Amino acid sequence: MSFHFEVLATDPTGARLGRLSTPHGMIETPAFMPVGTAATVKGQTQADLESLGAQILLANTYHLYLRPGHELVREMGGLHRFMSWPRAILTDSGGYQVFSLSDLRKVNDEGVTFRSHLDGSEHFLSPEKALEIELALGADIIMVLDECIEAPSSESRARDAAARTLAWARRSRDYFTQHGDRARQMLFGIVQGGTHPALRRENADALVELDFPGYAIGGLAVGESHSVTCEMASIAAAQLPADRPRYLMGVGKPEQLADYVALGVDMMDCVLPTRSARHGCLYTSAGRVLIKNAQYANDPRPIDEECQCAVCRRYSRAYLRHLFSAGEVLATILNTHHNLYFYLDIMRKIREAIRFGKLESFRSDLQARLK
RNA sequence: GGACGGGUGGGUGAGUGGCUAAAACCAGCAGACUGUAAAUCUGCCGCUCCUUGCGGGCUACGGAGGUUCGAAUCCUCCCCCGUCCA
């Protein structure tokens with residue numbers, strides 16, 4: 001009973017309000033998970049993240065395996081203790097690196113051989129190896145290794161990747177059954193299938209047969225249009241059991257979050273709020289602010305006049321632009337704080353809207369304002 | 001007074017006869033970013049005209065002349081700056 005997922009309410013759109021209990025606290029869904037690849041959300045302390053209300057963070061198996069090494073993390077008491085994060089953690093498997101490090105890897109049915117982006121050394125990641133690492137890291141939710149492909153991809157390529165991902169899911173489940181602990185960790189399977197509707201449906205159906213406690217939809221927002229992303233997510237979500245959490249991996253832009261939620265998605269993660277912040281792109285209730293633009297040099301207003309975050313309550317655009325232009329580290333810190341607040345605040349409002357069955361109007365309002 | 005070295009586009013600075021409106025970097029301006037090889041990457045960055053094109057015209061490598069089909073690059077004189085010698 002360490003893990004328990006409960007749908008508390010549904011909205012006419014199909015959105016679900018829920019909660020996922022974990023050994024490291026409760027996650028209100030739909031949830032957005034800030035990305036902390038290397039056991040750190042760049043630019044924010046763990047105290048900052050707690051104050052922002054993040055209930056779960058994402059970290060990366062591949063990166064932590066390379067540095068500092070999963071055995072070290074295990075020695076240091078596991079990822080929660082190592083990074084001093086008392087709330088929930090999800091570790092991605094390294095499947096996304098199959099996509100993003102495409103020049104540095106080779107895939108076959110056994111697994112993936114990576115050439116480390118740090119020192120060029122070769123490393124082999126199989127579904128079993130990924131899980132061994134994830135067991136050592138000790139995150140609450142762990143992901144199977146999958147093969148994430150770029151879009152567009154041919155049907156045969158997508159079919160191969162989906163079949164391989166499914167086979168790996170089976171091996172992962174079996175490995176977890178033997179070595180894992182269901183009271184301590186939850187293993188999610190991942191749906192692939194590219195941008196081919198029939199493949200998505202088939203792959204989701206087959207994956208559900210394997211009976212995972214939660215399901216992810218992967219391989220989206222990798223080059224296809226937003227409407228295709230939605231179509232694929234919708235097809236996959238429709239095949240997934242209603243009583244299990246659904247995680248749409250790697251999305252999305254602020255104005256897209258409610259779209260995914262409306263498809264029945266419970267969890268999302270994205271580097272956008274943190275990376276964009278570092279690059280000077282700030283999200284506001286009236287659209288994006290590229291803080292380095294000359295027009296903000298003498299703008300005394302906060303980033304977003306409607307925002308209640310600590311940065312908007314205290315600092316002007318003029319000051320933030322100065323910090324950014326000067327390359328000051330505080331720019332990263334403050335920008336990241338604001339963007340994460342903005343994302344997490346949208347999620348709070350989305351949950352509120354679902355509670356009252358008003359997600360559709362919230363969504364159209366949001367999109368109109370962010371355009 | 002003499003001997004060297006040097007003056008290049010907003011800055012630093014390459015270029016020593018044509019491929020140079022002039023490298024590179026910085027600054028400036030604009031844009032991208034979706035399970036993080038990302039404090040990264042891309043474009044623009046003399047003025048001007050239009051039929052917006054690997055287009056036309058003009059201006060530009062301290063100043064003024066000159067050599068040459070052609071000069072930031074060679075020559076002459078001048079003006080600055082630095083170092084050293086008197």
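Trainee: Which residues touch the most other members of the largest nonpolar core?
Mentor: In this predicted model, that core has 117 residues, and Leu57, Phe188, Ala233, Leu248, Met268 and Ile350 touch the most other members.

Trainee: Which helix gives the most to this core?
Mentor: Helix 13, covering residues 329-355, gives the most, with 12 residues.

Trainee: Staying with isoleucine 350, what is it in contact with, leaving aside neighbours within four places in sequence?
Mentor: Isoleucine 350 is in contact with Pro30, Leu257, Ala258, Val261, Leu359 and Phe362.

Trainee: Now leucine 263: where is it found?
Mentor: Leucine 263 sits in the loop between helix 10 and strand 14.

Trainee: Is leucine 263 buried or exposed?
Mentor: Leucine 263 is buried, because 23 other C-beta atoms lie within 10 Å and the cut-off for burial is 20 or more.

Trainee: What does leucine 263 touch, not counting residues up to four places away?
Mentor: Its contacts of that kind are Gly14, Cys230, Ala233, Ser234 and Ala237. Ala233 is also among the core residues that touch the most other members.

Trainee: What ipTM and pTM does the predictor give the complex?
Mentor: The complex has an ipTM of 0.93 and a pTM of 0.95. For chain A, the mean pLDDT is 97, and 100% of the residues reach 70 or more.

Trainee: How many helices and strands are there in chain A?
Mentor: Chain A contains 14 helices and 16 strands. Its radius of gyration is 20 Å, close to the 21 Å from the globule rule for 371 residues, so chain A is as compact as a globular protein of that length.

Trainee: What share of chain A counts as buried?
Mentor: Of its 371 residues, 51% count as buried. As for contacts with a separation of 6 or more, residues 24 or more positions apart account for 68% of them.

Trainee: Where are the cis peptide bonds?
Mentor: One joins arginine 67 and proline 68, with omega about 10°. Proline 68 lies in the loop between helix 2 (61-66) and helix 3 (70-75). Another runs from valine 251 to glycine 252, with omega near 5°, and glycine 252 is in the loop between strand 13 (246-248) and helix 10 (257-262).

Trainee: What is phi for serine 84, and where does the residue lie?
Mentor: Serine 84 has a positive phi of about 55°, and its loop connects helix 4 (79-82) with strand 6 (88-92). With 10 C-beta neighbours inside 10 Å, serine 84 counts as exposed.

Trainee: And what is phi for aspartate 211?
Mentor: Phi of aspartate 211 is positive, near 60°. Aspartate 211 is in the loop between helix 8 (197-209) and strand 12 (214-217), and it is exposed, with 10 other C-beta atoms within 10 Å.

Notes: Residues are numbered from 1 along each chain as its sequence is written. Chains are lettered from A and ligands numbered from 1 in the order in which they are written. This is a predicted model: local features need pLDDT of at least 70, side-chain atom pairs count only at pLDDT 80 or more; totals for chains, interfaces and linings use all residues. A nonpolar core is a set of buried Ala, Val, Leu, Ile, Met, Phe, Trp, Tyr and Cys residues joined through C-beta atoms within 7 Å. A residue is buried if 20 or more other C-beta atoms lie within 10 Å of its own, exposed if 12 or fewer, and partly exposed in between; C-beta atoms are placed from the backbone. Helices (H or I, at least four residues) and strands (E, at least two) are DSSP runs, numbered from the N terminus. Two residues are in contact if their C-beta atoms, placed from the backbone, lie within 7 Å. pLDDT is the predictor's confidence in each residue, from 0 to 100. The radius of gyration is taken over C-alpha atoms; the globule rule is 2.2 Å times the number of residues to the power 0.38.
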